[in-house]
Amino acid sequence: MRIFLLGMLLVMANANAATKPCARNRVILITDSHGLTPFGEYLEDWLLTQPDFEVNTYALGGSGPSWWFQSTTSPRGFVFNSCNPKSRLKRSTLAAKAVPAPGLAATLQSNASAYERQIVIVEFGTNVRGATSTYDFETERFVKTIRENPNTSCVWIAPPNMKQ
């Protein structure tokens, strides 16, 4: 019985260590396939140089705002948390890996009280057919969900000019 209780305490201690933040602030980087390219790597490199920020990257090829409400799976994705730097891979060596989009609200609220503030950096915009107005509702819902979280800011990177 004592060995069982000791084992349970060790499991609980490891679970708490895994959720403990490694910085006072958290950046959540949410991108489509552009995050799987050197653009995503450069942006992540810069974020990692910022003092006292934990970086959580979700780069999901083909994704858009609605994916974060429907848990759509990307055939090629990359997830990284700077608390575990060994999990970071060069974008040029990424193999195709199916990654489901986690729920946006759950991602923002996960351990949120442990941080002084959160900054959500979003880069979407080239995976919706037609005029950009076709995804206004999804974008507004995405931003509204972010704004519902205290001490959370949003930076939205506009899509590249695809006409050139």
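Is Phe80 buried or exposed? Phe80 is buried, at a relative accessible area of 3%, where buried means under 20% relative accessible area, exposed over 50% and partly exposed in between (1.4 Å probe, protein chains only). The structure is a predicted model, in which local features need pLDDT of at least 70 and side-chain atom pairs count only at pLDDT 80 or more, while totals for chains, interfaces and linings use all residues. Residues are numbered from 1 along each chain as its sequence is written, and side-chain values use heavy atoms, with hydrogens and water left out.

The protein chain has five helices and seven strands, taken as DSSP runs (helices H or I, at least four residues; strands E, at least two) and numbered from the N terminus. Their order from the N terminus is α-β-α-β-α-β-β-β-α-β-α-β. Of the 164 residues in the protein chain, 37% are buried. Among contacts (heavy atoms within 4.5 Å) with a separation of 6 or more, 76% join residues 24 or more positions apart. The chain exposes about 9,900 Å², of which carbon and sulfur atoms supply 58%; accessible areas come from the Shrake-Rupley method with a 1.4 Å probe, and for residues only the protein chains shown count as cover.

Helix H2 (residues 38-48) has a buried set made up of Gly40, Glu41, Leu43, Glu44 and Leu47. These buried residues fall within an arc of 165° seen down the axis of H2, so they line one face of the helix; the arc is that of the directions from the helix axis to the C-beta atoms. An α-helix has 3.6 residues a turn, so residues three or four places apart point the same way. The cover over the buried residues of H2 includes S1, strand S2 (53-60), S4, strand S6 (117-123) and strand S7 (152-157). Tyr42 and Trp46, on the other side of H2, are exposed.

Phe78 and Phe80 form a stacked aromatic pair, 6.4 Å centre to centre with 5° between the planes. Rings of Phe, Tyr and Trp (its six-membered ring) pair if their centres lie within 6.5 Å, and planes under 30 degrees apart count as stacked, over 60 as edge-to-face and the rest as tilted. Phe78 is buried at 4% relative accessibility. The charged end of Arg88 sits over the ring of Phe80, 5.9 Å from its centre; the rule requires NZ of Lys or CZ of Arg within 6 Å of the ring centre and within 35 degrees of the ring normal. The structure holds seven aromatic pairs, and Tyr58, Trp68, Phe69, Phe124, Phe142 and Trp156 form one aromatic cluster. Over the ring of Phe69 sits the charged end of Arg141, 3.7 Å from the ring centre.

There is one disulfide, counted when a pair of cysteine sulfur atoms lies within 2.5 Å. Cys22 and Cys83 form this disulfide, with their sulfur atoms 2.2 Å apart. Cys22 lies in the loop between helix H1 (2-19) and strand S1 (25-31), and Cys83 in the loop between strand S4 (77-81) and strand S5 (99-100), so the pair ties together parts that are 61 residues apart in sequence. The link is left-handed, with -95° about the S-S bond. Cys22 is partly exposed at 44%, as is Cys83 at 33%.

Asp52 has a positive phi of about 60° and lies in the loop between H2 and S2. Asn111, with a positive phi of about 65°, lies in the loop between helix H4 (104-109) and S6.
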